[in-house]
Amino acid sequence: MEATRIIAVRHGETAWNVDSRIQGQLDIQLNDTGRWQARRVGHALAAEPLSAVYSSDLGRAHETARAIADASGVPVVAHPGLRERRFGMFEGKTFDEIQQNWPEDALNWKKRIPEWQPPQGGESLLQLRERVTRTVSDLAARHCGEQIAVVAHGGVLDALYRIATGQEVNSPRTWQLPNGAINRLLWTPQGFTLVGWSDTQHLDHASFDENTSF
């Protein structure tokens, strides 16, 4: 069976990214920079042969995916399995606020305790890993021998990187997860392989200009 090529993209920037505020599964929209990043990603991938564009159904990811879809002529298919990790009662708060008011939970989070769940409906790292593995594998299996784009969130991309490189959920993070970066993986029924990560050339070599359209 031929491999499926996956282009995985983190959504563009939001105001809450700038404020280091936990978004989780709250539906926060892109800011001006995020919309510019989305257009740059779309421009960078315009010549890529894409069989499908899959996206989290949260607005910040879906808007980023639409820019890719507009450039490639492939419609966006929303999938709730690509949503960000659920952070329960901590959604909408900064880590500093959590550290001040819930120090034990903040420590568990910082230590990346695999089974720890944020209070009131949060998702553990193990649950996130299982969801990301199942969702992306199911999507990739539909497109053997083809290439797809998957637009999601930092937590989802972090899980994908760990899955593809065989790292545990509590291993220290040594890789970047920039908004709007292009990441490449391969999928076969045997699992995921990392091809390239955190490509931001399309962002590094372009000036910010809201009047520019691609």
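Author: Strand 1 and strand 5 pair in the antiparallel sense over six bridges, where helices (H or I, at least four residues) and strands (E, at least two) are DSSP runs numbered from the N terminus, and two strands pair if DSSP finds at least two bridges between them. This is a predicted model, in which local features need pLDDT of at least 70 and side-chain atom pairs count only at pLDDT 80 or more, while totals for chains, interfaces and linings use all residues. Residues are numbered from 1 along each chain as its sequence is written, and side-chain values use heavy atoms, with hydrogens and water left out.

Six of the seven residues of strand 1 are buried (under 20% relative accessible area, with exposed over 50% and partly exposed in between, for a 1.4 Å probe and protein chains only), so strand 1 is largely enclosed by the rest of the structure.

These strands belong to an open sheet of six, with the order 3-2-4-1-5-6 and mixed pairing. Strand 3 (76–78) and strand 6 stand at its edges, each with a single partner strand, so one side of each has no neighbour in the sheet. Neighbouring strands are turned by 25° against each other on average, direction ignored, the axes being lines fitted to C-alpha atoms (for helices over the stretch in contact) and angles running from 0 to 180 degrees between N-to-C directions. Helix 7 packs on this sheet, touching strand 1, strand 4, strand 5 and strand 6, and its direction makes about 125° with that of strand 6; contact means heavy atoms within 4.5 Å. The buried residues of helix 7 also pack against helix 6 (125–141), and because eleven of its twelve residues are buried, helix 7 is largely enclosed by the rest of the structure.

In the loop between helix 6 and strand 4 lies H143, which is buried with a relative accessible area of 10%. Leaving aside neighbours within four places in sequence, H143 is in contact with T4, S51, A52, Y54 and I148. The side chains of H143 and Y54 make a polar contact of 2.7 Å, a term for a pair of N or O atoms within 3.5 Å; within protein, one must be able to donate a hydrogen and the other to accept it, and residues adjacent in sequence count only if both atoms are side-chain atoms.
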